Amino acid sequence: MIPFRKNLIDGEWVGDAGSRNINPSNLDDLVGEYASGDAEQARQAIAAAKAAFPAWSRSGVLARHAVLRKASDEITARKDEIGRALAREEGKTLVEGIGETVRAAQIFDFFAGETLRLSGELVPSVRPGVGVEITREAVGVVGIITPWNFPIAIPAWKIAPALAYGNTIVFKPAELVPESAWTIVDILHRAGLPKGVLNLVMGKGSVVGQAMLDSPDLNAITFTGSVGTGKRVAAASVEHMRKYQLEMGGKNPLVVLDDADLAVAVDCAINGAYFSTGQRCTASSRLVVTDGIHDRFVDAMKDRLAKLVVGDALDAKTQIGPVVDQSQLKQDEDYIAIGRQEGADLAFGGERLDRETRGFYLQPALFTQATNAMRISREEIFGPVANVIRVKDYDEALAVANDTPFGLTSGICTSSLKHATHFKRNSEAGMVMVNLPTAGVDFHVPFGGRKGSSYGPREQGRYAAEFYTTVKTAYTFAG
C-alpha cells in the first residue's frame, strides 16, 4: 500500500495529496504520496509557531531534553528502516543512507545534552553594588528550509538546536525527499512536543518558501541550498530585519602534492568526489595535482573508477547510486559537454548507464587537462564529475585552490608537516582536511564556510547557539 503523508500544523496532520515521490533507482517504484502545502498553510504554521513560542521557550530543560532524547533513541532503533527509505527516495547507497540516519540520531543526542549544559556569565560591573548577568534566550520562530542531498542529517542539525534552545519551528523540506522529512517530524511529534512547536509544510519552494520569506513573524531563517535562492533568502530577511543563516555552494579543492601517499590521495579523491554520487556541497570537484605525481595519480584514478559499481541504491554491492532526478542528470550531462567544449579531456566516464531497472544512472566522470578558468572549475556541478588541474608546485597549488568564489572546505594530501601546517593556515575555506576526503565532518564541531559558500553563524556543535539564541545582558543593583 502506498503511504500518504500529511503536513503537521498546530499539532494536527492536514492536507490533501499533491505530490508523488519516485525512486531514482527504479522509476517504476512509487515511494509515496505527500501533501503539497499552499501559502495559507504556511501562514497558519507560522501563526501556530508564534502562539506556541512563549510557553516552549520558557519550558523546563528536562522537558526539552526528554523530547530530543526520545527522538534520538527511536531513530537509532529504526536506523535500518529509515536508512533504507532514505536510500530509496534520494538515491544514495544503503550504507550511506543508514550512516546518515545514525548521524541524525547522534545530533539529537548531542543537543539533548546541550539542553542541560545551558550556561551564562556572571561578571562584576564597573559600578559598585551592581551585578551583571549575561544569558542566552531563544530567538523566536525559526524557519527551516532544507535541501534534498542529506534529507535527514541536515534537518536534524537545524531542528535539534532550534528545539534545544527553546525556539519554535516552521519546517519546509525539499520536494524531492519528503519521506525522510515526514519521518523525523512524526518521531518528534510522538516524542511529546506541544502543538505548534514543530510545524511541517511540504510543498513548492515558490509557494511555501516564498510565504515564509514574506512573513514578518519569522524571527530567523536557516537555509541550505543553491546560491541563487540563498541570495533571495538574504534579501527577504533584511527586509524584515530577521536573523538569517545560509549554507550554499562549494567548488572544493583537493591538493595532491608530489610527496603524498598515492593510495591515500586516490582514496580521498574517490570518496570526496564521487561518493553520494558527488551530490555534496563538500565534494572534491577540483583535484589540484602537482607535476611529479600527476600522471601516476590520473592512472590510479582511472583504474579505481573502472572498478566502482554503479547501480541500484538498495543493492548491497552498489558503491555509487543514481543521480537524484532527471533535472540533476541533465545538469550533469550539460556540464560534461561544457567541459569538452572548453578543451578539457574527458579521461573517464560521463556516459548514461543502463541497469536492470530504469533509473538516473551516470558513470562517474573525470576530466584532465583542465584549467582553473574553465566553467567546470568555477561553477558547482553537484554530480559525480571532477576535474584534474595540473600545477607546478605547492605555491601554485595553494593559489589555485584559493582562486574560487566559494570557500566551504578544502583538502591536501601530503607527507610534509610543513606544507600541511601552511595549508591549514592559508587555505581560504571554513573547513580544512589533511590526508582526508573534503567530504565527511563530525557532528559536534562547527560546520560552515567562507566567501560565497556560507553566511552567518556556523552550524552544528556548541557554535549553533550563536544562531538559535540571542544574548541578554541584565544589570541588578542590590541596594
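Reader: Which residues lie nearest the centre of the largest cavity?

Author: In this predicted model, the largest cavity has a volume of about 90 Å³. Its lining comprises six nonpolar, five polar and three charged residues. Of the 14 residues that line the largest cavity, those nearest its centre are Gly-278, Ala-283, Ser-285, Ile-381 and Phe-382.

Reader: How many cavities of 30 Å³ or more does the count give?

Author: A cavity is a set of points where a 1.4 Å probe fits but cannot get out. The largest cavity, at about 90 Å³, is lined by 14 residues. With the threshold set at 30 Å³ or more, the count of cavities is four.

Reader: Into which domains is the protein chain divided, and how far apart are their C-alpha centres?

Author: The chain is divided into domain 1, covering 4-248 + 453-477, and domain 2, covering 253-434. The separation between the C-alpha centres of domain 1 and domain 2 is 31 Å.

Reader: What area do domain 1 and domain 2 bury between them?

Author: Contacts between the two domains involve 24 residues of domain 1 and 28 residues of domain 2. Of the area buried between domain 1 and domain 2, 58% is on carbon and sulfur atoms. The buried area amounts to about 2100 Å².

Reader: How many salt bridges are counted between domain 1 and domain 2?

Author: Side chains of opposite charge can pair when their charged atoms come close. Arg-358 and Asp-28 form a salt bridge, with their closest N and O atoms 2.8 Å apart. Between domain 1 and domain 2, the count of salt bridges is one.

Reader: Which residues are the closest to the centre of the largest pocket?

Author: The largest pocket has a volume of about 960 Å³. Among the 36 residues of its lining, those closest to the centre are Trp-148, Phe-223, Gly-225, Ser-226 and Thr-229.

Reader: Which element gives the largest share of the lining of the largest pocket?

Author: The lining of the largest pocket takes at least three residues from each of domain 1 and domain 2, and by class it has 16 nonpolar, 14 polar and six charged residues. The elements that give two or more residues to this lining are α7 (205-214), β11 (220-224), α8 (227-240) and α11 (326-342). The largest share, five residues, comes from α7.

Terms used. Residues numbered from 1 in each chain as written. Predicted model: local features only at pLDDT ≥ 70, side-chain atom pairs only at ≥ 80, totals over all residues. Heavy atoms only, no water. 1 Å grid on protein atoms, 1.4 Å probe; cavity = no way out; pocket = protein on both sides within 12 Å on 5 of 7 lines; lining within 4 Å. Points joined across faces, edges and corners; volume = space filled by probe spheres on them. Helix = DSSP H or I, 4+ residues; strand = E, 2+ residues; numbered from the N terminus. Nonpolar A, V, L, I, M, F, W, Y, C, P; charged D, E, K, R; others polar. Domains from an automatic or database assignment. Contact = heavy atoms within 4.5 Å. Buried area = accessible area lost by both parts, 1.4 Å probe. Salt bridge = Lys/Arg side-chain N within 4 Å of Asp/Glu carboxyl O.
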